[in-house]
Protein chains: 2
Amino acid sequence: MQKEHSLSKNQKIIFDLIDKSGGPMKAYSILFNVQKKGIKAPLQVYRALDKLVEIGKIHKIESRNAFIACQNSSCQVSKATAFSICESCENVSEISNSKLSKYLSNFSDDSGMKYSKYNLEFFGLCKKCKSK
Amino acid sequence: MQKEHSLSKNQKIIFDLIDKSGGPMKAYSILFNVQKKGIKAPLQVYRALDKLVEIGKIHKIESRNAFIACQNSSCQVSKATAFSICESCENVSEISNSKLSKYLSNFSDDSGMKYSKYNLEFFGLCKKCKSK
DNA sequence: AACGTTATGTAATAATATAACATTTATAAG
DNA sequence: CTTATAAATGTTATATTATTACATAACGTT
Ligand SMILES: [Zn+2]
Ligand SMILES: [Zn+2]
Ligand SMILES: [Zn+2]
Ligand SMILES: [Zn+2]
């Protein structure tokens, strides 16, 4: 069951934009796109992004400084994320693989550290770019 | 067997600094620390960092915008990296676990994508911080 | 020596992100 | 409904991270 996080005005504007774009978006590109809706300053964007990340509606692609809508309906909180990134066209998609997530969530080594979160980014060439 | 990449002057200065620090360092902190050695501009630092990453002597911790010396002697090229990061003290260490690296290097899904590289970052509390 | 490649020096600027402060709006308790 | 509290917003300025552009020097090979 899904806990409803009713989004605020700015959060909704920004989430809708990212979600509709279907891919990763960068903060200042988001800013540019929402200026017509009255969001004028970087901080307004970053605040909404922070919140959206916190509640798991979007994820940050760390290697690209970009944000993407969660493509996995069951991904409530951004604690276990995995992405595949094409190094040619920069297409990004969220990997939803229960074996992988189980393997990583249960991973432990001899460091005595308890891992509560992970982010994995795979790089390569997507089908389209490979065949070029 | 290890291919020798003889480092240039700036590369050596910067690698030695990061290596001796024993942890992750940020680019502008590196810059500050090497100014007495004649490296005066950000670009000089970033160029050396780029090269050091390329040849696998250091890795970038993407979630922290920081660079750490490779702690894994067999890690020639930065194609398969995994780190554990303490969210309290920001201690970072490179995970060297052959089962994990084998699992991830062989990972494939139904996307048709061939992965040639990955970066994994685990987050949690280190032993020290956990016991506080 | 001549050539191509790699590294360096320097200045300017672009791109990403946060600090600080004032105000407003939403939520919940009494 | 009122008051208290937390969450969100607006605005300006600034900090941090990274790259562009161009000129010069050092290195490795033939
Ligand atoms: Zn997700
Ligand atoms: Zn592609
Ligand atoms: Zn390594
Ligand atoms: Zn710690």
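User: Contact means heavy atoms within 4.5 Å; against which helices do the buried residues of α2(A) pack?
Analyst: This is a predicted model, in which local features need pLDDT of at least 70, side-chain atom pairs count only at pLDDT 80 or more, and totals for chains, interfaces and linings use all residues; side-chain values use heavy atoms, leaving out hydrogens and water. Residues are numbered from 1 along each chain as its sequence is written, while chains are lettered from A and ligands numbered from 1 in the order in which they are written. Helices (H or I, at least four residues) and strands (E, at least two) are DSSP runs numbered from the N terminus. The partners of the buried residues of α2(A) are α1 (9–21) and α3 (42–54) of chain A.

User: Within what arc do the buried residues of α2(A) fall?
Analyst: Buried means under 20% relative accessible area, exposed over 50% and partly exposed in between, with a 1.4 Å probe and protein chains only. In α2 (residues 27–34) of chain A, the buried residues are A:Ala27, A:Ile30, A:Leu31 and A:Val34. They line one face of the helix because, seen down its axis, they fall within an arc (taken from the directions from the axis to the C-beta atoms) of 100°.

User: Which exposed residues does the opposite face of α2(A) carry?
Analyst: One side of α2(A) holds the buried residues, A:Leu31 among them. The face turned away from that side carries the exposed residues A:Tyr28 and A:Phe32.

User: What is the geometry of the site of the zinc ion (ligand 2)?
Analyst: Donors are N, O and S atoms within 2.8 Å of the metal (3.2 Å for Na, K and Ca), and sites may look incomplete because water is not among the atoms. The SG atoms of A:Cys86, A:Cys89, A:Cys126 and A:Cys129 coordinate the zinc ion at 2.3 to 2.4 Å. Four donors count as tetrahedral if all angles lie between 85 and 135 degrees. Here the angles are 106 to 113°, which makes the site tetrahedral.

User: How many residues apart in sequence are the parts that A:Cys89 and A:Cys129 tie together?
Analyst: The donors of the zinc ion follow the spacing C-x2-C-x36-C-x2-C. Since A:Cys89 lies in the loop between β3 (80–86) and β4 (92–94) of chain A and A:Cys129 in helix α5 (residues 127–130), the pair links parts separated in sequence by 40 residues.

User: Which element gives the largest share of the surface near DNA strand D?
Analyst: A residue is near a strand if one of its heavy atoms lies within 4 Å of it. Among the 16 residues around DNA strand D, those that come nearest include A:Gln44 and A:Arg47. The largest share, four residues, comes from α3(A).

Methods
Contact means heavy atoms within 4.5 Å. Four donors count as tetrahedral if all angles lie between 85 and 135 degrees; four count as square planar and six as octahedral if opposite donors are over 155 degrees apart and all others between 65 and 115; anything else is irregular.
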